[in-house]
Amino acid sequence: MQLTEKHRQYWHKNLRLTMALLLIWFVVTFVVGWFARDLRFITILGFPLSFYMAAQGALLIFVLLVGYYANCMDKLDREFGVQEGDR
Amino acid sequence: MASPVQSRFVSQLKRYYALYTGGFIGFVVLLAILEQMGVPNKLLGYIFLGVTVLLYAGIGILSRTSDVAEYYVAGRRVPAFFNGMAVGADWMSAASFIGLAGTLYLSGYDGLAFVLGWTGGFVLVALLLAPYLRKFGQFTIPDFLGARYGGNIPRSIGVFAAILCSFTYVIAQIYGVGLITSRFTGLDFGMGVFVGLGSILVCSFLGGMRAVTWTQVAQYVILIIAYMIPVVWLSMKHTGDPIPQIAYGYVLEKVTAREQVLNDPTTPEGAREAEVRAILKQRQEATEARLKALESGGNAYLVSERNKLKKAAADLKTKHDANPKMLEAANQAVADFPSDVSSARNAWRISAESDKAKSGPIAAHAEPFAGPDEATRSKKRKNFLALVLCLMVGTAALPHILMRFYTTPTVKEARHSVFWSLLFISLLYITAPALAVLAKYDVYTLLVGSSFSELPSWVSAWASVDKSLMSVTDINHDGIVQLSEITIGGDLIVLATPEIAGLPYVITALVAAGGLAAALSTADGLMLTISNSLSHDVYYKMIDPRAPTNRRLFISKALLVVVAGFAAYITSLKPGDILFLVGAAFSLAASAFFPALALGIFWRRANKTGAILGMLSGLGTCMFYMYITYPFFGVNAPLWWDINPISAGLFGILVGFAGVIVGSLLTAAPDKGTQEMVDYVRYPNLENDIKSKSV
């Protein structure tokens, strides 16, 4: 089947969302990890920031990223008419 | 919107599992009452492990099936929430349940690489793979490679890699099963392996994916309850706050303050630590001197040393007033003396290294990449990030996890089920660092400084069970415990928490059952992956595509038994290091699968030659690096850019991506049918899907 312009738009929006979320994932994991020694002097809830991020903060952000993606894509599916029917 | 049939199914499931959870809690309470009435601990352990194993087998029998879609993908009607729980149990293995908190206790911040890696990987699963694999909607991961790249070669490499990494991983799980059953029931290790294996087999043999799914949900419930109760209790004990994940920040502050006191020789406690460390330092230097003498003197040196010990023992014997204890010690020293040069070298090297580690100052728990100089610190940072990457990408490539996303009813549910999976998994991974800090606080404040005559009861109990898990020796003979006099094995932290927190034995049995659930559920998923790869991909797709369904299922079940027996046999040989096996599985999966899977979806131009080249070169690079650097294989070549063998996948992933890209660009673009298939997986619903689905 030939893809319509609308289909291409859907895929581009999906790619843009994916890239944005992957960027956050990368920063939270690798950029924060790289600067861990510098961040340990900031304290949050009694934790040094670097420890907090690796033990809890990053995990919460990961959960939010995945949840946000699922909801956004549900909306995007409906908006572009590629959602699934009853099953 | 879900259909009425599916929503009735969901509400039924919710009711069943709510009843089940209530029933399980009631069962724990009942056993607690039995304990108060004086039923012996050993019997409680038997009842606990026996009932849970029978329960899993029971679910297996209830879910028996002979339908192909039910057997391979649980009928594709597992709701997102429940698939999340099943992925959680499938994912969290014995290493996560028992080993992780211990690793964090021993290595502080640097151990968090496992926490980050084992959760962050699910972001990759959610964004790059799960929805597309669900839309593709076949049965195995090699299926996708076969359909996307065409021909039997990509599929065969996929089968080989899936079996290689699943088998490496399953051995680590069966090992955990054997360890737990033998420790808590007193059966021997081999027996423990076969009892555990029996329950895995009943479950997956009768009902395939369907049975495994519903058992895994039940196992998740048990393992998360078992993990949480002792930690909450320990948190109440030390902070008065029942939410350990929030409360332990302040405990961490206290631990850090304690570390500074113990490291400061001007305080009385610090001075005593310094004294013990000085003795350890001497001991280390003495052992190193012996090692040097061994290198130059060889066997002659060993013989003369042994004779010295023998003579000392004989002299003691001739004295009639000799202290029997000293005589016993002298005889023991002769018996323990290494028999040949290589075993002497190993034993002395290990002892020198452990003394060296303990003679240094205490490493700060919360400090990232601690080291004496900039070079050490930057090496640690590099390895930390490399390990995180390997674990993340490996997570997004292990076939037994990816396969679970074929079981949801829709693409939408697949996306949501990654969310539930990650949420359920994070619950445990957020708790593990809290447990490590709380246990450390207990050891640093209550155990250190206590008197050898009145050790806490859990210390003496575990020290008598296994010296490698817990031992305290009064090195400077002052009658008081110093931190450098304590040796703790990582696995102790989770196993002993109930006792540290002062909980009854029934909770210890609960923790054992939780560990068993974690190991069994992962083993279930892995076994099924292996036997499905063989029966579906090799037999049905490549050897006999016209095989009737009942023969396909028969082959699959027969292979399951063969694979299980073979895995148990390998495990009973007790091959090496669990952590290495687990790490190896991740690196292998990451190098072999991830580039071909991700590019197969996101890069239309990727073709068969690229996939073959990428998978072979990625997997090859990873295996080669492991072979030349891991001490087990005895090559010990220099490391590349200081990257440890556990992160071999780093090179495999990079080479794998390069291989797919180069191979694809050098050859013609894939044909129209393949490109249409890429479109098919990218959109949850295209108008012509109904047509292609019927094919």
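Guide: What follows is a short talk about a predicted model.

Visitor: Why is B:Ser96 called buried?

Guide: The label needs 20 or more other C-beta atoms within 10 Å. B:Ser96 has 23 of them within that distance, so B:Ser96 counts as buried. You will find B:Ser96 in helix H5 (residues 94-107) of chain B.

Visitor: Which residues is B:Ser96 in contact with, leaving aside its neighbours within four places in sequence?

Guide: Those are B:Trp118, B:Leu428 and B:Ala518. As for B:Met37, its C-alpha atom is separated from that of B:Ser96 by 34 Å, and the two residues are 59 apart along the chain.

Visitor: What makes up the side of chain A that touches chain B?

Guide: Here 41 residues of chain A are in contact with 48 residues of chain B. On chain A, the elements giving two or more residues are helix H1 (5-34), helix H2 (36-39), strand S2 (47-48) and helix H3 (49-79). The largest share, 17 residues, comes from H3(A). Sorted by class, this side of chain A has 25 nonpolar, nine polar and seven charged residues.

Visitor: Which residues touch the most other members of the largest nonpolar core?

Guide: That core has 225 residues, and the ones touching the most other members include A:Val66, B:Ile174 and B:Val393. Helix H9 (residues 189-239) of chain B gives the most to the core, with 22 residues.

Visitor: What does B:Val393 touch, not counting residues up to four places away in sequence?

Guide: B:Val393 touches B:Gly121, B:Leu124, B:Ala590, B:Phe594, B:Gly649 and B:Ile653.

Notes. Residues are numbered from 1 along each chain as its sequence is written. Chains are lettered from A and ligands numbered from 1 in the order in which they are written. This is a predicted model: local features need pLDDT of at least 70, side-chain atom pairs count only at pLDDT 80 or more; totals for chains, interfaces and linings use all residues. Two residues are in contact if their C-beta atoms, placed from the backbone, lie within 7 Å. Helices (H or I, at least four residues) and strands (E, at least two) are DSSP runs, numbered from the N terminus. Ala, Val, Leu, Ile, Met, Phe, Trp, Tyr, Cys and Pro count as nonpolar, Asp, Glu, Lys and Arg as charged, and the others, Gly among them, as polar. A residue is buried if 20 or more other C-beta atoms lie within 10 Å of its own, exposed if 12 or fewer, and partly exposed in between; C-beta atoms are placed from the backbone. A nonpolar core is a set of buried Ala, Val, Leu, Ile, Met, Phe, Trp, Tyr and Cys residues joined through C-beta atoms within 7 Å.
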